[in-house]
Amino acid sequence: MNNALALPAGPLATASLALARQSESTPIADHSIRSFLFARLVAEQEGSAHDAAYDEDLLFAACVLHDLGLGTLAAGKARFEVEGADLAASVLTEHGVAAADVDRVWEAIALHSSLGIADRRGLLTYLTHKGVFTDAGRFTDIDATRLWPIYAVYPRPAGNHYLQDAIVEHAARSEAEAAPPYSIAAELLRQRRAEA
C-alpha cells in the first residue's frame, strides 16, 4: 500500500471510527487506529494481505472497535473484551454486515487479548491480536522505520498506563462479572491492590 496511514472509507468504517472517538478516550481511540495500521503492516509483511480470508473493512472494524468495552457505552457487566465485541456486533449488524462476518469480528474482539489462542482462530482474529500487541510492544517483527510515521500521526502516551487504568476502572464496576479469575482485568486489579 502506497499510503501506510490511509484508513478505509465507507459507511461502516466511518461509523466505527466515529463511535470509537465518541465513546473512548483519545489515547485509547488512537491505540485502536494504530492497531489497525499495524495489523495491516503485519498482513503485508507476512503476505496475507492478498489471501481470500483478508478483508480490510472487517479488520478495520475489529481493530478500531476492539476497546469499546473500555468506553462510555460499556456497562461493566462482563469482561471488557466481551462487552466490546457485543457493542461492535451491534454496529456491524446495523450496517447490514452478514451474520457470519459479524461473528468473525465478534470473535476477533473477544479474543484480542488472549495470548496463545487468538493466533489460532483465523486470519482476522490473528491480525487483530497482532496489531493490538504490536502497539503494546509485545511483537517487534515490524521494522521500526515503518512504525514511526504511524506514531507521528497517532502518538502513544508514555507507558501503557492509560490502557491499564481503563481496564481496572471497567473491572472495578462489577468485579465478579468484569474481572473473572485469570483474566487480564483480574490480574491488573490484583497488581494494583498489591501496589496500594
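**Figure 1. D165, partly exposed at 36% relative accessibility, and its salt bridge with R192.** D165 falls in the partly exposed class, which lies between buried (under 20% relative accessible area) and exposed (over 50%), as computed with a 1.4 Å probe on protein chains only. This is a predicted model, in which local features need pLDDT of at least 70 and side-chain atom pairs count only at pLDDT 80 or more, whereas totals for chains, interfaces and linings use all residues. Residues are numbered from 1 along each chain as its sequence is written, and side-chain values use heavy atoms, with hydrogens and water left out. The closest N and O atoms of R192 and D165 are 2.7 Å apart, a salt bridge being defined as a side-chain nitrogen of Lys or Arg within 4 Å of a carboxyl oxygen of Asp or Glu. Because R192 belongs to helix 10 and D165 to helix 8, the pair ties together parts that are 27 residues apart in sequence; helices (H or I, at least four residues) and strands (E, at least two) are DSSP runs numbered from the N terminus. R192 is likewise assigned to the partly exposed class, at 27% relative accessibility.

**Figure 2. The salt bridge between R156 and D135.** The side chains of these residues, R156 and D135, meet with an N to O distance of 3.9 Å. R156 is placed in the loop between helix 7 (144-153) and helix 8, and D135 in helix 6, so that distant parts of the chain, 21 residues apart, are linked. R156 counts as partly exposed at 34% relative accessibility, while D135, at 1%, counts as buried.

**Figure 3. The salt bridge between E56 and R40.** In general, side chains of opposite charge can pair when their charged atoms come close. Here the side chains of E56 and R40 meet at 3.3 Å, N to O. This pair, too, links distant parts of the chain, with E56 in helix 3 and R40 in helix 2, 16 residues apart. E56 is partly exposed, with a relative accessible area of 23%, whereas R40 is buried, with a value of 3%. The count of salt bridges in the model comes to eleven.

**Figure 4. The aromatic pair F36 and F60.** Two aromatic pairs are found in a search of the whole structure. In one of them, the ring centres of F36 and F60 are 5.0 Å apart and the ring planes stand at 90°, so the pair is edge-to-face. Since F36 lies in helix 2 (residues 26-46) and F60 in helix 3 (residues 56-64), the pair ties together parts that are 24 residues apart in sequence. Rings of Phe, Tyr and Trp (its six-membered ring) are paired if their centres lie within 6.5 Å, and their planes count as stacked under 30 degrees apart, edge-to-face over 60, and tilted otherwise. F36 is buried, with a relative accessible area of 0%, and F60 is buried, with 1%.

**Figure 5. K130 over the face of F139.** K130 lies at 4.2 Å from the ring centre of F139. A charge is taken to sit over a ring if NZ of Lys or CZ of Arg is within 6 Å of the ring centre and within 35 degrees of the ring normal.

**Figure 6. The largest pocket, with about 340 Å³ of space.** Among the 18 residues that line the largest pocket, F133, A136, L163, I167 and I184 are the closest to its centre. Helix 6, helix 8 (161-172) and helix 10 (184-195) are the elements that give two or more residues to this lining, and the largest share, four residues, comes from helix 10. By class, the lining has nine nonpolar, seven polar and two charged residues, where Ala, Val, Leu, Ile, Met, Phe, Trp, Tyr, Cys and Pro count as nonpolar, Asp, Glu, Lys and Arg as charged, and the others, Gly among them, as polar. On a 1 Å grid over the protein atoms alone, a pocket is an open set of points with protein on both sides within 12 Å along at least five of seven lines, a cavity is a set where a 1.4 Å probe fits but cannot get out, and lining residues have an atom within 4 Å of a point. Grid points are joined across faces, edges and corners, and a volume is the space filled by probe spheres set on the points.

**Figure 7. The largest cavity, about 40 Å³ in volume.** The search of the whole structure finds one cavity of 30 Å³ or more. A53, Y54, D55, L59, R104, L123, L124 and L127 form its lining, to which helix 6 (residues 123-135) gives the largest share, three residues. The lining residues of this cavity divide into six nonpolar, no polar and two charged.
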